[in-house]
Amino acid sequence: MTAPAKHLATYADLQRLHEDARGEIIAGELVVQPSPTPLHQSTIGEIYAELRNPFQRGRGGPGGWWLIPDVDVEFGPHDICRPDISGWRKERVPRFPGERPVTERPDWVCEGLSPSSALRDQGEKRAIYQRAGVPWYWVVDPQNRTLTVLRLVADGFVVTQVVGDSGLVALSPFDAVEIDLKGLFPPAE
C-alpha cells in the first residue's frame, strides 16, 4: 500500500491563517513563525529607515527602488517567503508591487537572524533566493551586531562584505550612500 501524497502548501494555506500569524511556505511546508524580538525589529526598522529616503524617495540619494518590509513574495507556488525587507529596482519593476503575494522577483532581500529563524534564513530561504535569481542578499545578525552582504554569481551566493556596528560604510547594491553602522543596532548593553 502506498502512502497518501503529501499536501504541498500554497498561498491559499497562508490566507487561512489568522491575520496576526506570520507564515511562510518553504518547499511546500507551511511554517508559522513567532513574532520577532524587539532587537530584531529595531535593527530591521533602522535598515529600512536608512535606505528608504535615499533609494525609494530619492531624498539625499539616487532613488530608483521600491522597498517593502515584511511582505509575502512568491518565488514559486510552493515557496512563498516573507523577507524582512524586499527591494525592487524601478527600472525593472516600474509599478509599485501592490498585490499580495508579490510575484516579481526582488532585486535585493534582507533577513534579520533570530534564534528561531537563523538556520532557515541561511539555509532553505537562501537556497530559494538563489534559485530565483535574487542578485543581492543581506543577512543581519542583531545579536552579534554584524551585517553580511552576499552577491549572486554563477555558482551561487558569495560574501562580498561583512561589517560590524561602527563606522560609515557603502553596502552594495545601495553603495551610492554611506550608512552609519552604529545607528543600525540598539545600544550594546
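These legends describe close-up views of a predicted model. Local features need pLDDT of at least 70, side-chain atom pairs count only at pLDDT 80 or more, and totals for chains, interfaces and linings use all residues. Numbering starts from 1 along each chain as its sequence is written, and side-chain values use heavy atoms, without hydrogens and water.

**View 1. An open sheet of 6 strands with mixed pairing.** The strand order is β3-β6-β7-β8-β9-β10. β3 (65–69) and β10 (156–163) each have a single partner strand, so one side of each lacks a neighbour in the sheet. Neighbouring strands are turned by 20° against each other on average, direction ignored. Strands are DSSP runs (E, at least two residues), as are helices (H or I, at least four), numbered from the N terminus. Two strands pair if DSSP finds at least two bridges between them.

**View 2. The β6 and β7 pair.** β6 (residues 85–89) and β7 (residues 108–112) run antiparallel over 3 bridges. Ile85 has Cys110 of β7 as its bridge partner.

**View 3. Helix α2 on the sheet.** Helix α2 (residues 38–57) lies across β3, β6, β7, β8 (136–141) and β9 (146–153). Its direction is at about 160° to β3. Axes are lines fitted to C-alpha atoms, for helices over the stretch in contact (heavy atoms within 4.5 Å); angles run from 0 to 180 degrees between N-to-C directions.

**View 4. Two cis peptide bonds.** Arg100 and Pro101 are joined with omega about -10°. Pro101 is in the loop between β6 and β7. Ser172 and Pro173 are joined with omega about 5°.
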